[in-house]
Amino acid sequence: MKPLLEKAFDPEDFRREGHKLVDLLTSYLETCRQRAQMPVLPPSDPEMMAGFWKNDLQNPGFELQSFYTTLIAQSNHIHHPRYMGHQVVPPAPLSALTELLEAMLNNGMAIYEMGPAATAIERVVLQWLAQRLGMSDAADGVLTSGGSAGNLTALLAARQAMCGHNIWEEGNHNHAPLVIMVSDEAHYSVARAARIMGWGEKGVVKVPVNDRMQLDAGKLKETLHDAKARGLQVIALVGNACSTSTGSYDPLSEMADFAQENNLWFHVDGAHGGAAALTNKYSHLTKGIERADSVVIDFHKMMLAPALTTAVLFKNGAHSYETFAQKAAYLLASGPQKPWYDSAGRTLECTKKMLGVKVYAMIKLYGDQLFSDYVESAYDLGQEFFNLLSLHSDFEPALKPDGNIVCFRFKPEGYNGNLCVLNAEIRKKILLDAGFYVVQTQIQGQVYLRVTLMNPFTEINDLNDLLLLIRELGNGIMETANA
């Protein structure tokens, strides 16, 4: 063997550097919890950052621990209790360690032979989740790489099952254009799936939302009638559990009733909030999810796993074989239905990571209670933050949150300026301050600040400090404008 290859695979080098990396990450976790010791997202410029790493690659010499330290310093610190921006969870350390094991084993899972243990574990994890959602033993599914891939997988199955012919093999017939009905607050990946399937913009029919930003079930009948009048063939109805922008849960039970009455496929995008079904306190939010024909849930959002790990479950497991039906003789067995253990027949991916292993490890070590405790803690904090906002006359919540996504804005008494501009400027200054990481969204055309409380170590005192900072920044902006 050539010396460089020998060195690259040296077990003792791996042992030595692995111990150093675990020690470094342990110190990193400890520092994150100290809050003031580090910024959440260090301010940076994309072009300067690219230039830094280009120069680094061209410079001679490399010290592995220095590389790790620099990478950590320049990253967004999801484990910081004052990270409260996008829907990305700080992964449980056990799941990160398991990810290392997965990476080293590198079993691709396209067929059973390429990942025997991981394939069986994936099936067990999916059965475990289906049971927790209240689905029957007939449920089955796959794990895939993210909610966008998950929604596409489910809606491809819906198209195959509901269009009236074998569209995968035969392509589009000269029938009415196929469309799906969705909440006006549906995630963009649903509309993207429609476009990928060749339906274009008209492939999505939007149902209005109410003042709670939930799909208005009273508008379903009218929306379906109007779609049919325009010559469209509605094949599916999509519900949010919950919406990305405001965290609002659609009325899933009413939607399930409507879908059943009108012979529509019912899909629930539970990427973020589907995990509430595992709790006693918040499972009412997901009532009706067990009746869905397909459900998507991200383990990397509210179930403490590293990205990306998404479950796609089908009430009738046979539908999971209809999504991708093409032949691949060198991989897949022949016959009307591929075996469950050759995942390439049912997933967007051919080669796929060992996605279920980290979830299995958490279930085995901690049980269901870990996920229930995490979701309840995060959702409780969302309610507590809403109550805190209500105590301040210069802050306005957009709506009472269902869970851990809270939208609000700074609205000082007597202010006659543009609130959208003011709050957008505040958010820019929060990024420069780097003591918190929050994002912004638009609700009915108005700009709101938005927090997603993902870190189990975030406390109400952190949120009170956030309000104090926003008030200070907002007042400074107004003073500068009036000077």
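Guide: Welcome! Helices (H or I, at least four residues) and strands (E, at least two) are DSSP runs, numbered from the N terminus. This is a predicted model, in which local features need pLDDT of at least 70 and side-chain atom pairs count only at pLDDT 80 or more, while totals for chains, interfaces and linings use all residues. Residues are numbered from 1 along each chain as its sequence is written, and side-chain values use heavy atoms, without hydrogens and water.

Visitor: What is omega for the cis peptide bond from Ala-307 to Leu-308?

Guide: You will find Leu-308 in the loop between helix H12 (299-302) and strand E7 (310-314). Its peptide bond with Ala-307 is cis, and omega is near -5°.

Visitor: Is Asn-263 buried or exposed?

Guide: Look in the loop between H11 and strand E5 (265-269). Asn-263 has a positive phi there, near 55°. Buried means under 20% relative accessible area, exposed over 50%, and partly exposed in between (1.4 Å probe, protein chains only). At 59%, Asn-263 is exposed.

Visitor: And what is the relative accessible area of Leu-304?

Guide: Leu-304 belongs to the loop between H12 and E7. Its phi is near 65°, a positive value in a residue other than glycine. Leu-304 is buried, and its relative accessible area is 6%.

Visitor: How many of the residues of strand E9 are buried?

Guide: In a regular strand the side chains alternate between the two faces of the sheet. On one side of E9, Ile-405, Cys-407 and Arg-409 are buried, and on the other so are Val-406, Phe-408 and Phe-410. E9 (residues 405-410) is largely enclosed by the rest of the structure because its buried residues number six of the six.

Visitor: In E9, which residue is the bridge partner of Pro-397?

Guide: Two strands pair if DSSP finds at least two bridges between them. Strand E8 (residues 395-397) and E9 run antiparallel, joined by three bridges. In E9, Pro-397 is partnered by Phe-408.

Visitor: Which residue in E11 does Val-406 stand opposite?

Guide: Strand E11 (residues 446-452) pairs with E9 in the antiparallel sense, over four bridges. In E11, the residue opposite Val-406 is Val-451.
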